[in-house]
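These are my notebook entries on what I looked up in the structure, written down in the order in which I went through it.

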Amino acid sequence: MPKINVLPKSIAELIAAGEVVERPASIVKEAVENSIDAGATHITVEIQRGGITYIRITDNGCGIAGEDVPKAFLRHATSKIKQAIDLDSISTLGFRGEALAATSAVSRVEMFTKTADEDFGTHYKIEGGEEVLYEEVGCPDGTTLIVRDLFYNTPARMKFLKKDVSEGTTVSAIIERQALSHPEIAFKLIRDGKQTLSTSGDGKLASAVYSVLGREISNTLIPVDLAFDGVKVKGLVCKPVACRASRAYQFTFLNGRYVQSGTITAATEQAYKNSAMVGKFPVFVLSVEIPFETVDVNVHPAKTQVRFSDEKRVFTAVYNAVKNAILTGDTRPEISVTQPKHNTFLHMTTEQYRQTAVSLPVQETKPQPKVEIKPEPTKPIAEPVRLKADNTPFFLREEFKPNVPENKTVVDIAKEPVKEISAEEKTEYMPQQVEKEYSPKEEIKLIGEAFNTYIAAQKGESIFLIDKHAAHERILFNKLKSDHIIESQALLIPASVKLIGDEYSAVVNNLDLLAEYGFEVEDFGNESVMVRAIPAMLDKQDAEGIIIEAAKNLAEKGNVSLERIDDILHSVACKAAIKAGYITSDTERLNLAIKVLNDNEVMYCPHGRPVAFEIKKYNLEKYFGRIQ
Ligand code: ADP
Ligand code: MG
């Protein structure tokens, strides 16, 4: 029978150290947290060879009193908690009293530290857990911790370290998170003698984000700031159009600590639903504050996992905060017009310009043959429009019904030159609801439409180009979502539709839900369905197309029923919306522009494509050289 031994202290320390110190980054994380807990406003981290051979962390925090220094390196030695009850309300980053002990067990550690009250500081050295030096020294207030030769006494663990570069990158990631969660602290990171990060410590999150994530990302961010049901949510999130292909730029801080929280990530991503493209993820730096006693951070030694006592409350608060930020803070994507390079005569005097003109070779002017100008054959203004199966032109559909005065027809209005519509006329032309909701708002002037697809309108100091299909689709989608009533129309001849694998099962599994939204569909077996009725707003001729669209949308996403409803509404809105290329009248264009530009809910189509682009007058003036 094997004999049971009580392990010597040194071996027990090594085993415990394994939990806390996995790699250089773990040491850096713990040490920087200690500096933050010590109230430092400047923290400099220097590493060599990814931190494997050398780590130095210098802070200007409170320091450790001389007599306490050896104690700080003992296991379970901490100044941060005294009794078990304190564990329920942890406000400091550290609390387990393990980091210094664990670090010194597996490396050579040196510390210089001094409190403001002391005349002298302390110089302390401890290697493999054994004290080797303890002396008074002259040094500035604060603490410098130097860690050399990680795992020098545990070669087996050294083998698990990655290449220097990748260990260094992990250290950088730690510092980046710390810098983002503490904009009031000036951080510096020096890697192999080169400064790779420096934050100003001016207290502004935007400054820290600028230093860490760079200018390009910073420019796409909008502020979040909302307290909801006792949960404070603050930070920056990207505009939906700037979502990324990965989750690499997502940072969550809970009560000042970097955490990975599925709840907070899901709530944030949910707020982007129907605004961001499928498969893209938001960039965010969110700081969530909740009462300390409602969260358990002591789930994992690395303290990045957390448990909430009320998940739903946190989810709702984060969702509302982010959604609110997107609705109020998002602006339409801008088309930037850069100034052309060859504007030479802008920098010349008239005299200089004349001289260049004189020096140009004079071209002999030959008499031009006379060209007869034939008038272009006149085209009818209103080209044939695509009709719905019930013969209603799309522009007479309810949601687009222009308010045509009795003495005019729709074609008359289409022929009218584009003009600025006065306040009185507006009442005449616009549906009442639009007038009621938006008349306090800035005037919107229709400029025209290009390629029967892009409506150009002017509002304030900007021109907007609106994709009319995307815009109409979004407006219909919002309306369907808020009304939740879709009238059904029976098909005279039911349509049999063949679907493929996933799409077939997605439809068959959601027959009841489809029925609620105006679709009468039966499983016909053999991967086909029989469609007997579709929403009344859709073209009967296209029953097959709409079922295929709904099937595709349903098959693409998860299992949440709310999402499935959205998928069906997307499909209906997409099929019912006017298409690019259709002819629209000025009244319709203006109404669409008004709805789009006065409603921040109409920012992206339900698939996440932008509905409108903005061109600022200021940029145009720069482009044309009117201003410098
Ligand atoms: P913990 O942070 O969990 O308390 P540590 O082992 O990380 O445990 O640190 C032990 C103690 O040493 C801390 O409680 C703190 O009092 C002190 N300490 C460590 N680093 C610093 C520092 N940079 N500045 C001031 N005090 C420090
Ligand atoms: Mg600590």
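This is a predicted model: local features need pLDDT of at least 70, side-chain atom pairs count only at pLDDT 80 or more; totals for chains, interfaces and linings use all residues.

Residues are numbered from 1 along each chain as its sequence is written, and chains are lettered from A and ligands numbered from 1 in the order in which they are written.

Staying with ligand 1, I saw that a nitrogen atom of the ligand is 3.4 Å from an N or O atom in the side chain of Thr143, and that a polar side-chain atom of Asn34 lies 2.8 Å from an oxygen atom of the ligand. In total 19 residues surround ligand 1, and the closest are Asn34, Thr78, Ser79, Lys80 and Gly97; a residue counts here if one of its heavy atoms lies within 4 Å.

Next I turned to helices, which are DSSP runs of H or I with at least four residues, as strands are runs of E with at least two, numbered from the N terminus. The axes of H6 (residues 164-181) and H7 (residues 205-213) come within 8 Å and cross at roughly 160°, where axes are lines fitted to C-alpha atoms over the stretch in contact and angles run from 0 to 180 degrees between N-to-C directions. H6 and H7 are therefore roughly antiparallel (over 145 degrees). Glu176, Ala179 and Leu180 in H6 meet Leu205, Ala208, Val209 and Val212 in H7, contact meaning heavy atoms within 4.5 Å.

I then looked up H16 (residues 501-508) and H18 (residues 543-556), which pack at about 95° with their axes 8 Å apart, and they are therefore roughly perpendicular (65 to 115 degrees). Asp502, Glu503, Ala506 and Val507 in H16 meet Ala551, Lys552, Leu554 and Ala555 in H18.

For H9 (residues 262-271) and H10 (residues 311-329) I recorded an angle of about 35°, with the axes 8 Å apart. Among the residues that meet there are Ile264 and Ala267 in H9 and Phe315 and Val318 in H10.

Last, I found Thr220 in the loop between helix H8 (215-218) and strand S9 (221-228). The side chain of Thr220 reaches the backbone oxygen of Ile217 at 2.8 Å, and, leaving aside neighbours within four places in sequence, Thr220 is in contact with Val237, Cys238, Lys239 and Ala242.

Definitions and conventions
Side-chain values use heavy atoms; hydrogens and water are left out. Angles under 35 degrees count as roughly parallel, over 145 as roughly antiparallel, 65 to 115 as roughly perpendicular and the rest as oblique. A polar contact is a pair of N or O atoms within 3.5 Å; within protein, one must be able to donate a hydrogen and the other to accept it, and residues adjacent in sequence count only if both atoms are side-chain atoms.
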